[in-house]
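This report describes how the parts of a protein model meet one another. Please examine the sequence and the structure shown here before reading on.

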Amino acid sequence: MIPQNFEYATPNSLAEAFKLLGESNAKALAGGMSLIPLMKLRLAAPDKLIDLRNVPGLNSIREEGGMLRIGALVTHYELESSPLVRSRCPLLAEAASQIGDIQVRNMGTIGGSVAHADPAADYPASLHALEAQVKLAKAGGERTLAIGSFLQDTFTTALDAGELVVEISVPVEAAGTGVSYQKCVQPASGFAIVGVAARIRKSGGRIALARVGVTGLSGKPFRAANVERLLEGAAGSAGDISKAAAVVADGVDANNDLHASADYRKHLARVYTARALAAAARKAG
Amino acid sequence: MATTVARPETLVGKRIKRKEDPRLITGTATYVDDIQMPGMHHASILRSPHAAAILKSINIRPALETAGVVAVFTGADVKDVGPVPCGASLPGLRVPHHHILAQDRVYFAGHPVAVVVSTDRYIARDAADRIEVEYDVKAAVADPEKALEKGAPAVHPQWPDNIAFTFHQENGEVDKVFAEAAVVVKQRITSQRLIPCAMETRGVVADYKTGEKALTIYSSTQIPHLMRSLVAGMLGMPEHKLRVVAPEVGGGFGSKLNVYAEEALMGFVSMRIGKPVKWIESRREGFLATIHGRGHADYFEIAAGKDGTILGLTLKLIQDLGAYHQLLTPAIPTLSVLMMPGLYRFKNIRADIVGVFTNCTPTDAYRGAGRPEATHGIERMVDMLAAEMKMDPAEIRLKNFIRPEEFPYATATGLSYDSGEYDKPLKKALDLVNYGRLREDQKRARAEGRLMGIGLSTYGEICAFGPSPATPAGGWESATVRVEPSGKVTVHTGASPHGQGEETTFAQIAADEMGVDLDDVIVLHGDTAIVQYGIGTFGSRATAVGGTALYFALQDLKVKIKKYGAMLLDSSDVSYSAGRCICNKTGKSVTLAEISGASYRAMRLPPNTEPGLMATHFWEPPNFTFPFGAHIVVTEIDKETGAVEIKRYVAVDDCGKIINPLIVAGQVHGGVVQGIGQALYENAVYDDNGQLLTGEFMDYAIPKASMLPRIEEDHTETPSPVNPLGVKGVGEAGTIGCSPAVVNSVVDALSPLGVKHLDMPLSPEKIWRVLTGGKA
């Protein structure tokens, strides 16, 4: 478990970070909970690690214009424990609390996690359900992408060379919204075999808003629009929920590995979708 | 007024915190990787990525040309070093020559091919990647039953059938009782391959002093003395010129009851470069390079009369040996055969072992070593028999137990069980769970459509290895007790504890016998330059054999202490207690410190008595010991996902007399956790090419605290007559008793669906397939 030789830099500004990232085979480090193990297994061998920990402005959580703006370097533990996040976006706090173990949550960051784009990571389910925005920056300027456009495939994102995730934005949850993240844990790694995030808002005894994000099921986390369509306008009975959950894996090319076959994973996705929806509906009142 | 806290009358039997713990929990213990030496070099081992291949060529030049690399050695350099030893002997056993580096062929993924030596650990690792090896990849076989099929790839080309040995044992009238039986139940039961995963991986520092022509090897091992004898032989060096030190050892579980290629290899390297060299196994390397455990496919048949009396048992045992024999590899399944009757009275048994080579990491002793497999088999078969006969699983066990008046009990496999009251832990466990009410709860749960299971196992095990004729390297253990001139006590034990707490339990024994405080005793171990020859810690033996050696050394020493006491008190009638020698006539006394001081000062000597206070005892046990117990597990299954939840875990163990209940509890907890690991989570999975698919902790699931139930632990105490302490052993009991209790519970939960047996690990998907009517 010895990595190849690499250089290490801790820039003090974004501008400096961009400059360093322009060098050949440089890689940004934002917690290192995925990158360092890959380097120790010699599956990744960057020549230079650009540790973002000293870059100012990347570790704040602010409420602004109906959104929570979360710096890329905010740790899972900070999200899990922040009173602001717990009250204004409880789904993200719940998802963060289920990541890895306490050591990982103390070191790992939300920006590092989404930029790594592990298809079994916990955040993408919630970020899809929240319709999160990802702000990217590079030397030339900034751009903002919807989470669905940012996460492109297994370990693949829309990040250009030299570009960094600097901020994730999620909407402040409206009153009366129930949320839940339900995860089937892979017993060795702690990643999600499947993880489902649900948001339910009711109005006049009907479901006014349903959002469902799914991780772990396939090579790319996704928003289950087909499930949402079946729920919106429905009363949200147990029957409505199971009917909607039943379609979550339809047409999905499910992962198949040592820990769950494709058909079992699809089954789990249906079960955990129903559980997440039921828990969210219960909290929505 | 000063108050003194009275020392308890005896320390044996008291719940005392371990003397070892402060250094361990403050991070100040010294493990192999903590050793630093001037001029120390670092080694990195290149291992084969292929499970079967001919080594066509090795080009070490790119590695040698790397700045900082001092040497590179390959198989050609070490061909004269003796083979990695196999200590087991069985009639007709085929033993492949196990070179410390591959010669012309590799036999498993992870087979060491070359070693790079550098001044820097990182450079050594980088340079190992630069060695160019040309492999001619051959077909491999990873499944032992496939290896037995006609036309399977030959692991060792000289033995095309892949059979290393067969072993037959039979007693009684097996065919007759099976022909006459009212019921016969058959089942194939597997005990899957497991990876021991000690928290500290293996590591070796070798330090050859060219002036003295003497080598010191520091190794994370359970057996420093045996390692010294064997490695000296491998290196062709006089045994007294080799010192082996086992510093702090971060867990072994049997995986360090071994002599691996790396000890001799590092010794060789240090002798060649004339400098100390360190090799630390990486975690990923350890998954391939350290032995695995279990690896059984067992075909059982059990016969019973119509009242549920067990009449006989047969077993065909297919043992996955891996590519080579490590120290005890072929002996492990023979322990399964010895213990296949469990706690039951039947005398008719037939067992056949087929030991099979595969292109996999060798298997060897892992916590329980053959006994968990046997216990899993017999306890599953008894449950299946109970189900077949519609008997309660507790009732069928109580009916068939060996009875207290039958001890010592001669088993069908040739053992003599020392002592036992087998119904006591079972009845205690049944009371603890309120068994009658629990079965009522289960009826209600089933009526509600819930899948609730109650499973029990009543296990027996063989411990305290063992009488020397029954062990490969001698089964005795040694102890030296030295009372220092100040009266402080130093114990040297030949056992080499590494987490079992003997620095505390042995201090309890010595403190009681010497009448001193616990802190007045220190227990030293694990260094062949300090400690007299010993055997080591494995097979739940250290206290039963090593503790007994200590007990007798203490008795020898007390005789001498009393001689000095009598001289100092000018009396012929003295006794020794509470740290004083007392004249029985006058009541005058002298302390141990006064006696010890006098013995070393030696102004006067008692008749025919030497100066000093020291005694050494080598104790040969007359028999093994046979602990037993009952575990009860309550489970509930998630009908949607197939996930098993352990609602309750009750373990009632009888390990003979208990010296320290806190340490015993720790051993039971740790053992149960590893048993739950096998029952629910762990599985070493190879693909058809011999690649280990579960080669890291991202894929190999050992249970974490959050995945475990609370363990309710209780005891009965049936002393062993084998040793004067009455102790039996408890290091492996938890593991041995656990897995059948968990599986019996899950099968019980699923029995309304017609499920009769499931193999481990009981993954949620496997159970989900059963729930959906598919085949698990």
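## Contact between the two chains

Across the interface of chain A and chain B, 14 residue pairs are in polar contact, both residues of each pair having pLDDT 80 or more. On the side of chain A that touches chain B, the residues divide by class into 13 nonpolar, seven polar and three charged. The model is a predicted one.

In this interface, 23 residues of chain A are in contact with 27 residues of chain B. About 2000 Å² of area is buried between chain A and chain B, and carbon and sulfur atoms give 58% of that area. Five salt bridges are counted between the chains. A salt bridge also joins the side chains of A:Arg42 and B:Asp126, with a distance of 2.6 Å from N to O.

## Domains of chain A

Chain A is divided into three parts: domain 1 covers residues 7–53, domain 2 covers 61–171, and domain 3 covers 178–284. The centres of domain 2 and domain 3 of chain A, taken over C-alpha atoms, are separated by 20 Å.

## Where domain 2 meets domain 3

Within chain A, 24 residues of domain 2 are in contact with 24 residues of domain 3. The area buried between these two domains of chain A is about 1800 Å², with carbon and sulfur atoms giving 55% of it. On the side of domain 2, A:Pro119, A:Ala125 and A:His128 lose the most area to domain 3, together 24% of what that side buries.

Four salt bridges are found across this interface of domain 2 and domain 3 of chain A. The side chains of A:Glu131 and A:Arg223 also meet in a salt bridge, at 3.3 Å from N to O. On the side of domain 2 that touches domain 3, α5 (90–97), α8 (123–129) and β8 (151–153) of chain A each supply at least two residues. Of the elements on that side, α8(A) gives the most, with five residues. By class, the residues of that side of domain 2 are 13 nonpolar, six polar and five charged.

## A lysine in chain B

B:Lys278 lies in strand β12 of chain B, which spans residues 277–280. Is B:Lys278 buried or exposed? B:Lys278 counts as buried because its relative accessible area is 2%, and the cut-off for buried is under 20%.

The side chain of B:Lys278 reaches the backbone oxygen of B:Ile35 at 2.9 Å. Leaving aside residues up to four places away in sequence, B:Lys278 touches several residues, among them B:Val32, B:Asp33, B:Met40, B:His41 and B:Val204.

Definitions and conventions. Residues are numbered from 1 along each chain as its sequence is written. Chains are lettered from A and ligands numbered from 1 in the order in which they are written. This is a predicted model: local features need pLDDT of at least 70, side-chain atom pairs count only at pLDDT 80 or more; totals for chains, interfaces and linings use all residues. Side-chain values use heavy atoms; hydrogens and water are left out. Domain bounds come from an automatic or database domain assignment. Contact means heavy atoms within 4.5 Å. Buried area is the accessible area (1.4 Å probe) that two parts lose on being put together, summed over both. Helices (H or I, at least four residues) and strands (E, at least two) are DSSP runs, numbered from the N terminus. Ala, Val, Leu, Ile, Met, Phe, Trp, Tyr, Cys and Pro count as nonpolar, Asp, Glu, Lys and Arg as charged, and the others, Gly among them, as polar. Buried means under 20% relative accessible area, exposed over 50%, partly exposed in between (1.4 Å probe, protein chains only). A polar contact is a pair of N or O atoms within 3.5 Å; within protein, one must be able to donate a hydrogen and the other to accept it, and residues adjacent in sequence count only if both atoms are side-chain atoms.
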